[in-house]
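My notes follow the structure.

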Amino acid sequence: MRAQFVLSEIGVGLRRNLTMTFAVIVSVALSLALFGGSLLMSDQVNTMKGYWYDKVNVSVFLCNKSDAESDPNCAKGAVTEDQKKQILADLDEMSVVQDVTYESQDEAYKHYKEQFGDSPLAASLTPDQMQESYRIKLKDPEKYQVIATAFDGRDGVQSVQDQKGILDNLFELLNLMNRAALGVMVLMLVVALLLIVNTVRVSAFSRRRETGIMRLVGASGFYIQAPFIMEAAVAGLIGGGLACVFLVVGRYFTIDHGMALSDKLALINFVGWDAVLTKLPLILAASVLMPALAAFFALRKYLKV
């Protein structure tokens, strides 16, 4: 009988404040969808870091004849065979180095033509203008500075470049976007909580006579609060369900189909469905607990008759 009463009161409350209930559902859905999207974005950035940092190289570019005329780092002339052998020997002895690959001027010219063949500059370049280099794969990509310290300024070395620095700029941009999404999520969450509190207060005020009578006849505080808390929890759960649908549909249409980013951006290792599915229970739990707690604290003053 008590369960039936609570359920009937939930239905009455949801219908009586239909517009505000709808607003609560939408705001909860959007805020939790952004929350789940932010978690997935964080997973995506971490996945990309693990994938790309494992592939980055440090490049030691060697001086050529053109550099000897224009670059202060190559003031002593183009790299000699003895200097190249010494650089390679030193690299082989370094514990942080996993593998070393030599790229000749002809190979550098071929790679440049493959990547930038359509640019106007490519037509004017010749192989002898390209730089020889050693491409170094490190055991730990964070140890770039060890290579830079050992070879920057050495005779025959034009520069030492770390591809990780380029990736760091990309990941910094992605993290900035993720923080912006989190900021919008927090704003939406505050809006959702305010709507929940106001909806519960309006519902409690409209039924103040019934709750007053229940209090006078000895009903417990929890028994009086239960319908209001359940109303908020049900509305939140519906919003949480919509947020889960948004995440699943968003992942399906942006990565797998529709935009099909997994085919268009084959170099990016996108997070899988397992990452999405692990976020859904968290979103549903938050969608129930957040409105229920907000309703509980909003109702405390209305128990005093």
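I looked up Glu132 and found its side chain in a salt bridge with Lys84, 2.8 Å from N to O. I count a salt bridge when a side-chain nitrogen of Lys or Arg is within 4 Å of a carboxyl oxygen of Asp or Glu. Glu132 lies in the loop between helix H6 (120–124) and strand E3 (133–138), and Lys84 in helix H4 (residues 81–93), so the pair ties together parts 48 residues apart in sequence. Helices (H or I, at least four residues) and strands (E, at least two) are DSSP runs, numbered from the N terminus. Both Glu132 and Lys84 are buried; I use buried for under 20% relative accessible area, exposed for over 50%, and partly exposed for in between (1.4 Å probe, protein chains only).

This is a predicted model: local features need pLDDT of at least 70, side-chain atom pairs count only at pLDDT 80 or more, and totals for chains, interfaces and linings use all residues. Residues are numbered from 1 along each chain as its sequence is written, and side-chain values use heavy atoms, with hydrogens and water left out.

Next I checked Asp90, which forms a salt bridge with Arg154 (2.6 Å, N to O). Asp90 sits in helix H4 and Arg154 in the loop between helix H7 (144–151) and strand E4 (157–162), 64 residues apart. Asp90 counts as buried at 18% relative accessibility, whereas Arg154 is partly exposed at 25%.

I then looked up Asp43 and found a salt bridge with Lys279, the closest N and O atoms being 2.6 Å apart. My count comes to six salt bridges.
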